[in-house]
Amino acid sequence: MRDTRSNSSNFSHSGNRSSKTFKPKKNIPEGSHQYELLKHAEATLGSGNLRMAVMLPDGEDLNEWVAVNTVDFFNQINMLYGTITDFCTEESCPVMSAGPKYEYHWADGTNIKKPIKCSAPKYIDYLMTWVQDQLDDETLFPSKIGVPFKRNFMSVAKTILKRLFRVYAHIYHQHFDSVMQLQEEAHLNTSFKHFIFFVQEFNLIERKELVPLQDLIEKLTTKDR
């Protein structure tokens, strides 16, 4: 089982790209309730039943469950994208796309209000930095027991997950050959399948957003029905 708390889930850009190194959200502190939830998730994942693994544990708060898993997915995608950064360059990926039909333009609503067209590495740099800022915001993702979640937490979590999906979509459409070359496809497929079961279980991403990988989603999820 992956150690989702590991600080090795960093990746750095090189060359003419940003020198920023992404690190996972600060480790979920041992002994905390969120840590126990993460351990529960890992134990259930270890059983191999992903549908069971995503279900809300009895008596738990949905916001807290979504928060813990969102941090986990961010760390996983961070690590997966980190393995293929050498192949995802300004030259190879001048636009952020998921195949010929789907192109993503970046806007965060704060610093960049009007969507801009940019290369995939630049887009993913913006995206991961933005997600990390949300995860590090204690008012949005409280790490202390008893601190309530803000009313808009679920809508922020949905936006994070929608954007993280785009990184999976880009990797599958533009870099799957590299993933296979690195023998990472089993890891990528398991991570993505877990992600899809999770967002489906709680209706966290609109169906239209998933269209770029619809065939793959059906293939990965039908045998588990």
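Predicted model: local features only at pLDDT ≥ 70, side-chain atom pairs only at ≥ 80, totals over all residues.
**The overall layout**

The protein chain contains seven helices and four strands. Of the 225 residues in the protein chain, 51% are buried. If you take the contacts with a separation of 6 or more, 72% of them involve residues 24 or more positions apart.

The table puts their values side by side.

| Helix pair | Crossing angle | Axis distance | Handedness |
|---|---|---|---|
| α3 (residues 62-83) and α4 (residues 120-135) | roughly 155° | within 11 Å | left-handed |
| α5 (residues 153-181) and α6 (residues 185-201) | about 155° | 11 Å | left-handed |

Let us take α3 and α4 to start with. Their axes cross at roughly 155°, and angles over 145 degrees count as roughly antiparallel, so α3 and α4 are roughly antiparallel to each other. On the α3 side, the contact is made by T70, V71, F74, I77, N78 and Y81. From α4 come P121, I124, M128, V131, Q132 and L135. What kinds of residues make up this contact of α3 with α4? They divide into nine nonpolar, three polar and no charged.

Now turn to α5 and α6, which pack at an angle of about 155°. That angle makes α5 roughly antiparallel to α6. Helix α5 brings L161, L164, F165, Y168, I171, Y172, F176, V179 and M180 to the contact. Helix α6 contributes E185, L188, N189, S191, F192, F195 and V199. The residues of this contact of α5 with α6 divide into 13 nonpolar, two polar and one charged.

**An annotated binding site**

Next comes a spot marked in a database record. In an unreviewed UniProt entry, the annotation "binding site" covers C88, C93, H170 and H175. These residues span 88 residues in sequence, yet no two of their C-alpha atoms are more than 9.9 Å apart, so they gather at one spot.

Two of the annotated residues deserve a look of their own. C88 sits in the loop between α3 and β3 (96-97). Is C88 buried or exposed? With a relative accessible area of 0%, C88 is buried. H175, in turn, belongs to helix α5. At 3% relative accessibility, H175 counts as buried. Leaving aside neighbours within four places in sequence, H175 is in contact with I84, F87, C88, S92, C93 and H170. Among these contacts are C88, C93 and H170, which the UniProt annotation also covers.

**A residue in α6**

To finish, return to helix α6 and find Q200, which lies in it. Q200 is partly exposed, with a relative accessible area of 35%. Which residues does Q200 touch, not counting those up to four places away in sequence? They are R51, I217 and T221.

How values were computed:
Residues numbered from 1 in each chain as written. Heavy atoms only, no water. Axes fitted to C-alpha atoms, helices over the stretch in contact; angles between N-to-C directions. Helix = DSSP H or I, 4+ residues; strand = E, 2+ residues; numbered from the N terminus. Parallel < 35°, antiparallel > 145°, perpendicular 65-115°, else oblique. Left-handed = near helix turned anticlockwise from the far one by under 90°. Contact = heavy atoms within 4.5 Å. Nonpolar A, V, L, I, M, F, W, Y, C, P; charged D, E, K, R; others polar. UniProt positions renumbered as here; feature names shortened; annotations may be inferred. Buried < 20%, exposed > 50% of the residue type's maximum accessible area, 1.4 Å probe, protein only.
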